[in-house]
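Here are some notes on the model you sent.

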Amino acid sequence: MRCEDLRQALANYAQGRVPVHERQVIEAHLRDCPACRAVLAEMDPVAAALVQSQAPPIPAGFAERAMAAARSRIAKPAATWNPLLWWRTASAPMRGAAAAVLVVGFLGGVMVGRDAVRTPANQAAGVTSPSDPWEGYNLDYLGDAPEGSLANSYLALVSGHDGEGH
Amino acid sequence: MNRVNLRTDEDLMLATGEGDLAAFEQLVLRHQNEVWRVAYRFTGDATEAEDLAQEACLRILDAAPRYKPTAAFRTYFYRVVTRLCLDHRRKKRPVLFDLSFRRSADESAPAQLVERQDRDRFIQIALRDLPADYRMALVLRYFEGLSTPEIAAAMGRTVKAVERLLARARETLEPRLRPLL
């Protein structure tokens, strides 16, 4: 490539508007031509500096190793589902649908939970939440649990009683 | 010429989604240089770059069954590797030096080679000290030759945001590169 030809393409090059094969030709010329680099430096000094660097070649056998990893991944039984990975790779409508399902599920859970606490007996008494867990959660059937048992400890925990009805 | 070579990236990706590993291999062969280069320029470390580049390939393989050719594969591919690099950087501190930046141990190495190694090392260190999003924007622009809209698509930003990012990145990097100008 001649310097005159290259200089006509420099503005597009600096804007990332040249195809890959043309960019490689331009960069090869720029690395060896301080005069053209100086012209580029006036437009974009960072481009003129960075074009002097060449990344080392890709390590030999990279594609073979990547394919071996791919075969190994495919050979595995159905991989465990990764919600984070799914979220990153899902399309925007899929993400929106998933978010809507979560919100609806959460709100539904809250509504159902509130209804469950409002038992008919509580509603008649104008009570909206159980003040006594023995009544609110019908724990009477655990009243005969032997002292020191897990059920007895649980009753003591939720009621604040000592497990013997005190 | 092998018939598979005539297929577009998008066709190969769709075939990969149907379980055609030969199509996936073709994609890897076509894009291995780009994926490795982005990872290497971003991390400054050949070992990390290989791990990241391989993981990017596997993510593309995993996502292939859900791939819709609404955008160019190239855009999709850069988005995968860009996100992977940025996520990786959030989790890990950068390495200080890579063996490939060291001067050749061979005392008789030509002065030109030593000079090139020093220049590459100098540039990579200047890049390494930048914030991760500045560095990624510069890598995509100057080493990959992406346009501003392409960088925006890869980084999940708006075009205006990328313009501002590139302007700040250039402003930060330029004084550090002055010895090369």
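1. Chain A and chain B bury about 3700 Å² between them in this predicted model. Carbon and sulfur atoms account for 61% of that area. The size of an interface is often given in this way, as the accessible area lost when the parts come together.

2. The contact involves 36 residues from chain A and 43 residues from chain B. On the chain A side, 22 of the residues are nonpolar, 6 are polar and 8 are charged.

3. There are 4 salt bridges between chain A and chain B. One of the residues named above, A:Arg73, forms a salt bridge with B:Asp62, and the closest N and O atoms of this pair are 2.3 Å apart. Polar contacts across the interface of chain A and chain B come to 11 residue pairs, counting pairs with both residues at pLDDT 80 or more.

4. Four helices of chain A, namely α2 (20-32), α4 (45-50), α5 (62-75) and α6 (83-89), each give at least two residues to the side that touches chain B. The largest share, 10 residues, comes from α5(A).

5. Now look at α2 of chain B, residues 21-43. Its 23 residues would reach 33 Å as a straight helix at 1.5 Å a residue, but the end C-alpha atoms are only 29 Å apart. Where does α2(B) bend? The place is B:His31, and the bend is about 60°.

6. Both ends of α2(B) deserve a look. At its start, a side-chain oxygen of B:Asp20 comes within 3.0 Å of the backbone nitrogen of B:Ala22. After the helix comes B:Gly44, with a positive phi near 75°.

Definitions and conventions:
Residues are numbered from 1 along each chain as its sequence is written. Chains are lettered from A and ligands numbered from 1 in the order in which they are written. This is a predicted model: local features need pLDDT of at least 70, side-chain atom pairs count only at pLDDT 80 or more; totals for chains, interfaces and linings use all residues. Side-chain values use heavy atoms; hydrogens and water are left out. Contact means heavy atoms within 4.5 Å. Buried area is the accessible area (1.4 Å probe) that two parts lose on being put together, summed over both. A salt bridge is a side-chain nitrogen of Lys or Arg within 4 Å of a carboxyl oxygen of Asp or Glu. A polar contact is a pair of N or O atoms within 3.5 Å; within protein, one must be able to donate a hydrogen and the other to accept it, and residues adjacent in sequence count only if both atoms are side-chain atoms. Ala, Val, Leu, Ile, Met, Phe, Trp, Tyr, Cys and Pro count as nonpolar, Asp, Glu, Lys and Arg as charged, and the others, Gly among them, as polar. The expected span of a helix is 1.5 Å times one less than its number of residues. The bend at a residue is the angle between axes fitted to the seven residues ending there and the seven starting there.
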